[in-house]
Amino acid sequence: MAAEGEYESILCVKPDVNVYRIPPRASNRAYRAADWKLDAPDWSGRMRITAKGKVAFIKLEDKVSGELFAQAPVKEYPGVAVETVSDSSRYFVLRIQDDNGRSAFIGVGFGDRGDAFDFNVALQDHFKWVKQENEISKSAQLGDSGPKLDLGFKEGQTITLNIGQGKKKDKPRPQGTGGIGLLPPPPGGKIAPPPSSGSSNHNIVAQSGGTATGRLLELDDSNSNTVVRPSPGSDLWGDFSAPASSVPPPSRPQNAANWIQF
């Protein structure tokens, strides 16, 4: 039976179930629902499946008052406590027990095939959980009985810790050519000298301090272009600054007097 202090959980409830008195089994063959009086059940009520610890209980109760009619403790499934019939999936054989330990076999049946399926699944899920719990407890016992790893210090054993004396790791320098840096030298390995001031391909501007207009650009002697240097007393703008009196007046037509002036 279940241990004391464990809570009881409800696995499944079916409101309509029929109970049949079945004849004793004469041989080892399976039960057949056709041998029962299916049209005249001996009792009708509800079924409630509960679990307390690892044991499941199939309780047959009155629909109105909830009074217990019979109870079948189930410690394993499939097993002797719950058996199926060979000719239908809606009927089962239960082994019921009273408080004194006396047992008897009765037949139960559901009017709906879905209720029979729920009854079967509820028992399968519970005992699947029981199997998992047993495997967990066995593995825990094997782990406790196995050799344990001793990580403690032996007598006289010491340990030394060096804190803050770690070696500093040099940061690796970037090996790529990206970023800001000097350009690599030319392939020849030599740097060309800067151009000299006396190059023959550069023009030199001559500064004139005595004249107002300044000097024209003066080319080098090796250049093919030549510039005529003006004399100090000559005026570069003389052709454009002649007085107005030197320009001859326009000639009048001879017959100007013959026109009538208005």
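Is Y91 buried or exposed in this structure? In this predicted model, Y91 counts as buried, because its relative accessibility is 8% and buried means under 20% relative accessible area.

**View 1. The rings of W36 and Y91 form an edge-to-face aromatic pair.** A search of the whole structure finds 7 aromatic pairs. In the pair of W36 and Y91, the ring centres lie 6.1 Å apart and the ring planes stand at 85°, so the arrangement is edge-to-face. This pair links distant parts of the chain, since W36 sits in the loop between β1 (8-20) and β2 (43-52), while Y91 belongs to strand β6 (residues 91-97), and the two are 55 residues apart.

**View 2. Y20, W36 and Y91 make up one aromatic cluster.** In this view, Y20 is shown together with W36 and Y91, the three residues that form the cluster.

**View 3. E83 is a buried residue of strand β5.** The relative accessible area of E83 is 18%, and because buried means under 20%, E83 falls in the buried class. When residues up to four places away in sequence are not counted, E83 touches R25, Y31, F92 and V93.

**View 4. A cis peptide bond leads from Y77 to P78.** The omega angle of this peptide bond is near -5°, and the bond is cis. P78 itself is placed in the loop between β4 (68-74) and β5 (82-84), and β5 is also the strand in which E83 of the previous view is found.

How values were computed: Residues numbered from 1 in each chain as written. Predicted model: local features only at pLDDT ≥ 70, side-chain atom pairs only at ≥ 80, totals over all residues. Heavy atoms only, no water. Helix = DSSP H or I, 4+ residues; strand = E, 2+ residues; numbered from the N terminus. Buried < 20%, exposed > 50% of the residue type's maximum accessible area, 1.4 Å probe, protein only. Contact = heavy atoms within 4.5 Å. Phe/Tyr/Trp six-rings, centres within 6.5 Å; stacked < 30°, edge-to-face > 60°.
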